[in-house]
Structure formats: structure tokens, C-alpha cells
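Take the sequence and the model side by side. Begin with the whole fold, then move to single residues.

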Amino acid sequence: MNLRFRILSALLHHPDETLRAALPEIAAAIPQAGFRPPHDAALARLCRRLQMGELLDRQEAFSTLFDRGRSCSLNLFEHVHGDTRNRGPAMVALVEAYQSAGYAPDANELPDYLPLFLEFLAVAPPALGRELLGQAAPILDRLHARLAGRGSADARAYAAVPAAALAEAGVA
């Protein structure tokens, strides 16, 4: 299992009590996971940010960034296909890749949901994981740029996740 992808996946889930309770463990795992500098420090900052203040405020910040509008959507194919018919075949192909590796994705999420995709990469056969991550790299790069370009501290903190994933792809 690739602990780095598991950490990235966890940090992109909608903040709730479960995530908050896991943050100390996630923060402690970051230095041992093998993230490259400066990604390790940026991910630790995101952990601290997620622990700050009221949970409702963290949830509102998450929803503002990722759930309102397409520019920072956590659904990968939204950035490529939008709501066109081309999105369906891309989803089917991704589900088939998951199934070929023996992975049964959560039926409550679309297969292109970035936290689910990162969770799959944590357990995927290395060659398949590298191939899929390489295909997703342009989308991750776009998402990173959009988050980093927003003026909020929350957006800059969350930008650490696609940046670290790009580093895993050998892009950053």
C-alpha cells in the first residue's frame, strides 16, 4: 500500500468529526510517508488548518472551494468533459481499471472523485497506478493552479494535495 496516496485521499475528504479525529495520526504519518520537500511541510500545514476553528467553518470552506462551481471540482472528468456525453465512457473505463485491479469503489461516489481515485492509487498495481496518475496529471496541474491562484488561505492549503500528487507523478 502506498501511504502517500492514502494520506492525500484522506486530506481531500469533506471535513467531518472522523477526519478531525484522524488528523493527529495523519500529521504524524506525513514525515514517515516519504513525501518530497516542500510537499511534506505543505501537507502538515493543511492538517493544522483542518484542525483550526469550528468544524462548521472548515466544512463551509471545503464546500466553497470544491462544491460550488466547476473550476475546482474534485471530479476529474468534470475538468475534461464537463457534462457532455464523453464523460460516461471515461467513467466506465475508470471503473473497469478499478475492477481489473480487484478494487471495489464506494458506490456512493463517482469513480472520478479525486479522493476515491487517490485511494485507489494507494492500493493499485504500480504500473497501472503510474499510468492512471500520468493521465490525470494535467487535470491535477490545473486544479493545483486554480487553488493556488485563489486568495484564500484554505485554497492555498488544499493546493498542497494536487501538488504532492503531481510530485508522485514526477511532474512537480
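This is a predicted model: local features need pLDDT of at least 70, side-chain atom pairs count only at pLDDT 80 or more; totals for chains, interfaces and linings use all residues.

Residues are numbered from 1 along each chain as its sequence is written, and side-chain values use heavy atoms, with hydrogens and water left out.

Start with the fold. The protein has 10 helices and zero strands. Read from the N terminus, the order is α-α-α-α-α-α-α-α-α-α. The radius of gyration is 15 Å, close to the 16 Å that the globule rule gives for 172 residues, so the protein is as compact as a globular protein of that length. Helices (H or I, at least four residues) and strands (E, at least two) are DSSP runs, numbered from the N terminus. The radius is taken over C-alpha atoms, and the globule rule is 2.2 Å times the number of residues to the power 0.38. Along the principal axes, the C-alpha trace spans about 40 × 35 × 30 Å.

Of the 172 residues, 48% count as buried. Buried means under 20% relative accessible area, exposed means over 50%, and partly exposed lies in between (1.4 Å probe, protein chains only). The protein exposes about 8,400 Å², and carbon and sulfur atoms supply 54% of that area. Accessible areas come from the Shrake-Rupley method with a 1.4 Å probe; for residues, only the protein chains shown count as cover.

Take contacts (heavy atoms within 4.5 Å) between residues at least 6 apart in sequence: 63% of them join residues at least 24 apart. The protein carries 17 positive and 19 negative side chains, and the centres of the two sets lie 7 Å apart. Lys and Arg count as positive and Asp and Glu as negative; His and the chain ends are not counted. Each charge is placed at NZ of Lys, CZ of Arg, CG of Asp or CD of Glu.

Turn to helix α4. This helix covers residues 55–66 and has 12 residues. From first C-alpha to last, α4 reaches 16 Å, close to the 16 Å expected at 1.5 Å a residue. The expected span is 1.5 Å times one less than the number of residues. Which residues of α4 are buried? They are Leu55, Arg58, Gln59, Ala61, Phe62, Ser63, Leu65 and Phe66. These buried residues pack against α2 (17–33), α3 (39–51), α8 (126–149) and α9 (153–158).

Leu147 is found in α8. Its relative accessible area is 1%, so Leu147 is buried. Leaving out residues up to four places away in sequence, Leu147 touches Leu65, Phe66, Cys72, Ala155, Arg156, Tyr158, Ala159 and Pro162. Ala155 sits in α9. At 0% relative accessibility, Ala155 counts as buried. Ala155 and Thr64 are 91 residues apart in sequence, yet 9.6 Å apart in space, C-alpha to C-alpha.

Next come the loops. Pro37 lies in the loop between α2 and α3, and Pro38 is placed in the loop between α2 and α3 as well. Most peptide bonds are trans. The bond from Pro37 to Pro38 is cis, with omega near 5°. At 66% relative accessibility, Pro37 counts as exposed. The C-alpha atoms of Pro37 and Ala164, 127 residues apart along the chain, are separated by 9.4 Å.

Finish at Asp106, in the loop between α6 (87–100) and α7 (114–123). With a relative accessible area of 41%, Asp106 is partly exposed.
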